[in-house]
Amino acid sequence: MSDNKSSSKRLLTRIFVSCALAGTVLATGPLASLSTAHAAPVSVTAQAQPGFSELVEKVRPAVVSVRVKSNMQNARNDRTQMFGEGFDQLPDGHPLKRFFKDFGNPYGPDGEQARPNKRQKRGDRGHARPFAQGSGFFISEDGYVVTNNHVVTDGDAFSVVLDDGTELDAKLIGKDARTDLAVLKVDDKRKFTYVAFDDESNVKVGDWVVAVGNPFGLGGTVTAGIVSARGRDIGAGPYDDFLQIDAAVNKGNSGGPAFDLTGKVVGINTAIFSPSGGSVGIAFAIPASTASKVVDQLIKKGAVERGWIGVQIQPVTKEIAESIGLSEDKGAIVAEPQADGPAAKAGIVAGDVITAVNDETVKDPRDLARKVAAINPGEKANLTIWRKGKAETVSIEIKAYPDDQKQGGKSDNSSAAKGEESLDDYGLTVTPDDSGKGVVVTDVDPDSDAADKGIRAGDTIITVNNKDVKSASDVNTAINEAVKSGRKAVLMQVQSNGQNRFVALPVDQG
């Protein structure tokens, strides 16, 4: 019994000691600082708190708010919440407007609101009124300002608001709709703080960027994020090569700069993807390399001249590459050279694949468009093409991009019942075209590879493996030759509504 009492006493002693020790531990924890009169609050040295304050202090004076005035007052509606300032001014056929209709548009499948967006003339009040605000930035001490074309579109008068609140008149020097860039000029005796373009080719996904602009009219607003992706195509035009960033960009940020950590401009904030109208962390910026070239021409000439070779092109898919013996699915295949255009005069024909420009590899059609556009009109260039299983070099004289390109004439795609022949193995029924060029598709098996590749009734098959076809037997002959040579696909040149494209159709069927 006494042993039990001794054990209990020892256990109580241990518990007491443990609690005492625990109390000692607690006394050295957070509660101790509350009860100790001389304890100092936690502090961290400034060096341990990285930030952008020094960068912002240097670059923010170069960023301005852009105000656009017009004798036409735009009736406001909620569409600006989605497009950003100025996007509601774009014409209905503009590719940027189509992009926003396709993604997250709250206004229905046609992209229109229930009530129309009316533009009404002002009354007899004798002054214009601001109807759009955006952002911009000085690129020279004598007052050249870069902004977006869609910010200044339809404007009659312009002004910029400096970081200190001073408002100065500006004049439009030039604008370019294809890249959505514009240049304004402020004439003033002062020397303006300005920033320079950087070589954004060194920018990597994950690098920091700082955006400064005028969202919702709140000038001098700074946001930060990272580069989320490069080379984005948002359907704005043939030269799309946007940086995607996740810095907060909202209505009014358009035309403002995105800086790297050296304080140079790597992009110009142009568009956002937003189902709600506010920032959701997906913004698109025009790369500095594109902007600097366009801006330079706008300042010197007031307009942009681009190189042009006059071809309809499409991507080289794996199936197309296989069908023509190309080792990689890179380059741009010529669907049709424009009549009397530089390419046609140089001997380039439908089915040629342009793989390089002046020995620089062409990745895809957009890459080709950018490379050609960068060449000055009047200069000559060497195009490497893949034709009939081998590479060739073609010299071509680059011309200026015409304002209005002629569209290819539409062929007569009417089908005729008599003369129809079936290509049962490929799910196609065809008939000779009345023009004697190609065969018209009159029926397509919906479960066939042809249907999967987008061939539809009314299309005209012009060539198969670069050989003209006038009947179903011509098509079969070309296919059999491809099979004998070990090809797994045949390349069909298909015309739809006057536009040519190439379709690689598998031949390894039962």
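Modeller: Two residues are said to be in contact when they have heavy atoms within 4.5 Å. In this predicted model, 61% of the contacts between residues at least 6 apart in sequence join residues at least 24 apart.

Colleague: How many helices and strands are there in the protein, and how many residues count as buried?

Modeller: The protein has 12 helices and 29 strands. Of its 510 residues, 45% count as buried, a term that requires under 20% relative accessible area.

Colleague: Why is Val294 called buried?

Modeller: The relative accessibility of Val294 is 8%, and the cut-off for a buried residue is under 20%. Val294 therefore counts as buried. This residue belongs to helix H7.

Colleague: Which residues is Val294 in contact with, leaving aside its neighbours within four places in sequence?

Modeller: With those neighbours set aside, Val294 is in contact with Asp176, Thr179, Leu181, Val304 and Arg306. Its C-alpha atom is also separated by 9.0 Å from that of Glu305, which is 11 residues apart from Val294 along the chain.

Colleague: How do you know what H7 should span?

Modeller: The expected span is 1.5 Å times one less than the number of residues. H7 has 14 residues, so it should span 20 Å; the end C-alpha atoms are 20 Å apart, and the two values agree. After H7 comes Gly302, with a positive phi near 80°.

Colleague: Which residues of H7 are buried, and what do they pack against?

Modeller: The buried residues of H7 are Ala288, Thr290, Ala291, Val294, Val295, Gln297 and Leu298. They pack against S5, strand S7 (167–176), S8, S13 and S14.

Colleague: What makes a set of residues a nonpolar core, and which members of the largest one touch the most other members?

Modeller: Such a core consists of buried residues of the nonpolar kinds Ala, Val, Leu, Ile, Met, Phe, Trp, Tyr and Cys, joined through side-chain atoms within 4.5 Å. The largest has 27 residues, of which Phe137, Val146, Leu181, Val195, Phe259 and Ile268 touch the most other members. At least two residues of this core come from each of helix H3 (53–59), strand S5 (144–147), strand S8 (181–185), strand S9 (208–213), strand S13 (265–272), strand S14 (283–287) and H7. With four residues, H7 gives the most. Another core, of 24 residues, lies apart from it and includes Tyr426, Ala451, Val475 and Ile479. In soluble globular proteins, nonpolar side chains tend to be buried together.

Colleague: What does Val146 touch, not counting residues up to four places away in sequence?

Modeller: Among the residues that Val146 touches on that count are Phe137, Ile139, Leu181, Phe197, Ile268 and Val295.

Colleague: What is the phi of Asp180, and why is Asp180 called buried?

Modeller: Phi of Asp180 is positive, near 60°, in a residue other than glycine. Most residues other than glycine have a negative phi. Asp180 sits in the loop between S7 and S8. Its relative accessible area is 6%, and the limit is under 20%, so Asp180 is buried.

Colleague: Why is Asp359 called exposed?

Modeller: A residue is exposed when its relative accessible area is over 50%. Asp359 has 72% and is therefore exposed. Asp359 also has a positive phi, near 70°, and is placed in the loop between strand S18 (353–357) and strand S19 (360–361).

Colleague: Lys189 and Lys171 remain; what makes each count as exposed or partly exposed?

Modeller: Lys189, in the loop between S8 and S9, has 87% relative accessibility. The cut-off is over 50%, so Lys189 counts as exposed. Lys171, in strand S7, has 44% relative accessibility. Leaving aside neighbours within four places in sequence, Lys171 is in contact with Val183, Leu184, Lys185 and Asp187.

Colleague: How much space lies in the second largest pocket, and which residues are closest to its centre?

Modeller: About 690 Å³ of space lies in the second largest pocket. Of its 28 lining residues, Ser289, Thr290, Lys293, Arg370 and Ala374 are the closest to the centre. Strand S10 (221–232), helix H7 (288–301) and helix H10 (365–373) each supply at least two lining residues, and the largest share, six residues, comes from H7. The lining divides into nine nonpolar, eight polar and 11 charged residues.

Note on methods. Residues are numbered from 1 along each chain as its sequence is written. Side-chain values use heavy atoms; hydrogens and water are left out. On a 1 Å grid over the protein atoms alone, a cavity is a set of points where a 1.4 Å probe fits but cannot get out, and a pocket is an open set with protein on both sides within 12 Å along at least five of seven lines; lining residues have an atom within 4 Å of a point. Grid points are joined across faces, edges and corners, and a volume is the space filled by probe spheres set on the points. Ala, Val, Leu, Ile, Met, Phe, Trp, Tyr, Cys and Pro count as nonpolar, Asp, Glu, Lys and Arg as charged, and the others, Gly among them, as polar. Buried means under 20% relative accessible area, exposed over 50%, partly exposed in between (1.4 Å probe, protein chains only).
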